[in-house]
Amino acid sequence: MSIKNIRLEVMQFLEKNVDSFVEQYLIPVENIWQPTDFLPDSQSENFFEEVKELREIAKDLPYDFWVAMVGDTITEEALPTYESWLMEVEGVNNLERNGWSSWIRQWTGEENRHGDMLNKYLYLSGRVNMREVEITTQHLINDGFDIGTGRDPYKNFVYTSFQELATYVSHNRVSQIAKKYGDNKLSKMCKMIAGDEMRHHHAYSEFVNRIFQVDPSEMMLAFQYMMKQKIVMPAHFLRESGQQISSAFENFSDSAQRIGVYTANDYVEIMQKLIDKWQIDKISGLTDEAEKARDYLMKLPARMAKISERIVIPQESYIFKWVEPATL
């Protein structure tokens, strides 16, 4: 039987438990928080006073913080790309609305709130050029992405396990920095988003764990493949108005590293956490090829840590069209 057919069988086997995954890892719409729970209430007589207070506190937050905030927001706003990509994964059938497509729609519904809340906060803050942000968001959706997984569910679940944890780190750090500068409301918003991302990480990493139990060798090879080619961030095609595809990502990444929102060291730590979570050292019944993949994975974090130590981040901030020099 072909590898593709085995993957489809495994996805169909796991699909029997999708309802329990939804119940364990997602929250009913009526019970989950919504953006308006944390933003100034436009129906309140105190709305303008609340917005004024928000804008005053926002003035103290540093330039690289705003760049990281904009990048995080745009990444969340490009959700149509992520949903359409996942709907094409082997074993997901949106036409027949099978269990996996139901999971993706409900996951998308939760994720959609993140961009809504951050976008509204940026708009009210007065610290960013929203038209430029909107242009970049539209470009990112137009350009899509290629995360190197194809339709392979094993590779896709490695990617989402990693990426959900990375977004947890990013939003949690933004929350901590906002609190440090006295913006407790923004800190609370980002903490709530981070909580969602961690919950989603637990879900996708559990999918991988279940696959290791029934198809360990192929799952190990898929994990190795994704770590060899490196995890590409969802916003890797980021660009500003009038610029070439992907031209803004490196400068955005530098800002995030400078202010400590997401660093090369975080990348290595996430890799190690996945290795520990899936107990890669204890998995049995592997083929010779998969055993070699395991050896490679076990040694990789130490190798990557040495490389990350040599990375030099520019000290000077790149001036984005999103956050203009006048707001420095």
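Predicted model: local features only at pLDDT ≥ 70, side-chain atom pairs only at ≥ 80, totals over all residues.

Let's begin with the empty space. Rolling a probe the size of a water molecule over the atoms shows where such space is left. Here the largest pocket holds about 920 Å³. Its lining is made of 41 residues, and the ones closest to the pocket centre are Gln 163, Met 233, Pro 234, Phe 249 and Tyr 262. Several helices give two or more residues to that lining, including α4 (63-77), α6 (99-125), α8 (153-180) and α13 (288-309). The top contributor is α8, with 9 residues.

With a threshold of 30 Å³ or more, the count is 1 cavity, and the volume of the largest cavity is about 50 Å³. Around this cavity you'll find Met 11, Leu 86, Val 89, Val 92, Trp 100, Trp 103, Ile 104, Phe 157 and Tyr 204. Helix α6 gives the most to this lining, with 3 residues. By class, the cavity lining has 9 nonpolar residues and no polar or charged ones.

Arg 294 sits in helix α13. Its relative accessible area is 9%, which is under 20%, so Arg 294 counts as buried. Setting aside neighbours within four places in sequence, Arg 294 touches Met 220, Ile 280, Asp 281, Lys 282, Ile 283 and Leu 286. Ala 248 belongs to the loop between α10 (216-229) and α11, and this loop residue is buried too, at 3% relative accessible area. Beyond its neighbours within four places in sequence, Ala 248 contacts Leu 238, Arg 239, Glu 240, Phe 320 and Trp 322. For a sense of scale, Ala 248 and Gly 109 are 139 residues apart in sequence, and their C-alpha atoms are 28 Å apart in space.

On to the charges. Side chains of opposite charge can pair when their charged atoms come close. In this model the tally is 13 salt bridges. One of them joins Glu 53 to Lys 185, with the closest N and O atoms 4.0 Å apart. Glu 53 is in helix α3 (residues 47-58) and Lys 185 in helix α9 (residues 184-214), so this pair ties together parts that are 132 residues apart in sequence. Both partners are partly exposed, Glu 53 at 41% and Lys 185 at 48%.

Asp 143 lies in helix α7 (residues 130-143) and Arg 239 in the loop between α10 and α11, so the pair links parts 96 residues apart in sequence. Asp 143 is partly exposed at 22% relative accessibility, whereas Arg 239 is buried at 16%.

What about a pair within one helix? Arg 210 and Glu 206 form a salt bridge with an N to O distance of 2.6 Å. They are 4 residues apart in helix α9, so about one helical turn separates them. Arg 210 is partly exposed at 23%, while Glu 206 is buried at 18%. To finish, look for Glu 110, Arg 113, Asp 196 and Arg 199, which are linked in a network of salt bridges.

Conventions:
Residues numbered from 1 in each chain as written. Heavy atoms only, no water. 1 Å grid on protein atoms, 1.4 Å probe; cavity = no way out; pocket = protein on both sides within 12 Å on 5 of 7 lines; lining within 4 Å. Points joined across faces, edges and corners; volume = space filled by probe spheres on them. Buried < 20%, exposed > 50% of the residue type's maximum accessible area, 1.4 Å probe, protein only. Contact = heavy atoms within 4.5 Å. Nonpolar A, V, L, I, M, F, W, Y, C, P; charged D, E, K, R; others polar. Salt bridge = Lys/Arg side-chain N within 4 Å of Asp/Glu carboxyl O.
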